[in-house]
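Visitor: Pick one part of this fold and walk me through it up close, please. I'd like to hear how the pieces there sit against each other.

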Amino acid sequence: MEPSLAVELRMLDFVSRLFVHVPPNNTAWCKTIEDFLSNQGYKLTTPVGVLPHFVRVCTQYSQDSLRRRFSNALQWYNMLQDITEKHVDDQLADARVELTGYRDGTLETERNELIEDEGREPGGAVMASEVIESESSSPCVGEKRALSSDSDEDVEDVHEDEVFPPPLKRDRPSDYLRLRCPLCFGGEFPRSNANSQTPDAIVCIDACFTQKRNKGSRDPIRIHPKSVFVPESDADRTAHYVESIRPPRPAKSKRQRNQDKEDKDDGFEGSLRVPTSVLDACEAGFTAADDARVKASTQFFDDTALMAMLCRHDRVLWIVNMRSAGEKQHYVLVLIETLFQHLPLEFTIGLLYDIGCQLERSCINWGFLARYLHRLLFGISVFHAFGHQWACQVIYHPRKRIGFGLSDGEGCERFWHSISKLIAYLRVCGYHQRIYTLDRQVQQFDKDSLEKLGNWLQRRSCHCSNKRDAAKLLLTEASQSDECLRREWAAQVAAQTRPAPKRSKNKGKLAVEKALNLRKARDILEKRVSDQENIILGGDVDVAEV
């Protein structure tokens, strides 16, 4: 047995680098090679198997043979590249453990004790074997999804610990997070944070419904060794947990919804600082807040969207594959839960999400993420904040909330733009090939951004310094003390977030009737005054009698 096609490693390396900057297209590449060689006087005549001696048939098979064989060679070359890189990282991690004594955020001695006491290892990076196991337990294409909202079966209650175990004690973030972003999660721990209101790290979450995949059977399993995708089984368990706690909303007409608003008093829900009426208005104004809104048809697409979590330095932490028609909240919850599984128990997070107010509302009302709420600061992405009510902005806008600085929370939008070239390709490729391609794009995205982090820090530091100097100048010109300005701002926030008065369906009618009665009383009084004036001016009656 001998190979029928040999490709030089430099050529494979060139094509691999090319396909992370343009949409991968093996067919176009092979046809270009054949056309180029044909123009130089060379002809590929390598048939597949034993074929009849017809030149035209042989030529057709040779073209298809080049595409298939070159694709296989490129696929295995990429696999070897990724496995080699993962092996080198593992060797460096072992050497780092010998030098520092830390493995996956925990001292080696404490780690062994935890394994003995808890019977499990601290959660780390998602391994390919775990993803393969989760894929085998996931529903296949064409099967009825157990988590469908149309199911008539009762959903059994699921405890939070059954979805994710309680996070174990760590002295610093996991090795996975330290590799994902060394600026956010690297360095020495514990950190000295003078301001308790400032989060230790800031992340953003957003979904993209242009990254779909057409309906079809799944291709053979192929997992990237350094995958950033949350296992599908974790998302399914979280969806089951959410459905067991929060019942589906009954469908109501617009008139019924308005009637409900009129009948209930406005106020605050739990520890929220925004009135219910404002939150309802924000929910009605955003399609992302309506998880029943159809954004991508599950009749034509198996994978409807992607949802990603990025740090403030625009580095991807995790991605979850979405298979629902709308932006279901359990995808956000599984990303946040996965993040906290990799963090020390005292680590705080600032979260920017386009409907962060609705997410905190659900967490308060239904107990989601209850063990992390004291370590979570919710905010709204800058460009989405303008679509919220003003009372919501004064609480959740990152420019008006302590700790978020100049973070805009739009890193996901920049990431979606960087992979927008893959929309057409990912629409038709297989399930595992789609995820593998995205993982390779993320790895290339990380390499590019890592080289620019120094310039990023310098540019942002200069920008922050200029902003601070301009703010100090304005404060000096205001001739008011900081305490006075803070009191005025607190008074404005209290006034803007005051609950609205009770609404009634007859209140408008009563106001109109009151205005009409006042007008009638005015007309009667004017007529009486006019009559009295005519009597006096007529002289027929004594003024004293009048």
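Guide: Helices (H or I, at least four residues) and strands (E, at least two) are DSSP runs, numbered from the N terminus. Bear in mind that this is a predicted model, where local features need pLDDT of at least 70 and side-chain atom pairs pLDDT 80 or more, while totals for chains, interfaces and linings use all residues. Residues are numbered from 1 along each chain as its sequence is written, and side-chain values use heavy atoms, with hydrogens and water left out.

The axes of α9 (residues 232-245) and α12 (residues 329-341) come within 9 Å, crossing at roughly 120° (axes are lines fitted to C-alpha atoms, for helices over the stretch in contact, and angles run from 0 to 180 degrees between N-to-C directions). That makes the pair oblique (under 35 degrees is roughly parallel, over 145 roughly antiparallel, 65 to 115 roughly perpendicular, and the rest oblique). On the α9 side, D234, A235, T238, A239 and V242 make the contact, and on the α12 side H330, Y331, L333 and V334 (contact being heavy atoms within 4.5 Å).

Now follow α12 to its other neighbour. The axes of α12 and α13 come within 12 Å and cross at roughly 80°, so these two are roughly perpendicular. Here Q329, V332, L333 and I336 of α12 meet Q358, L359, S362 and C363 of α13.

From α13 (residues 356-366) we get to the strands: with β8 and β9 this helix makes a right-handed β-α-β unit (strands pointing away from the viewer, the path from the first strand over the helix to the second runs clockwise). β8 (residues 349-353) and β9 (residues 376-379) pair in parallel over four bridges (pairing takes at least two DSSP bridges), with L351 bridged to F378 in β9.

Those strands belong to an open sheet of five, ordered β7-β6-β3-β8-β9, with mixed pairing. β7 (316-322) and β9 are at the edges with a single partner strand each, so one side of each has no neighbour in the sheet. Strand to strand, the twist averages 20°. α13 packs on this sheet, touching β8 and β9, its direction making about 140° with that of β9. Helix α18 (residues 431-478) packs there too, touching β6 and β7, at about 160° to the direction of β7.
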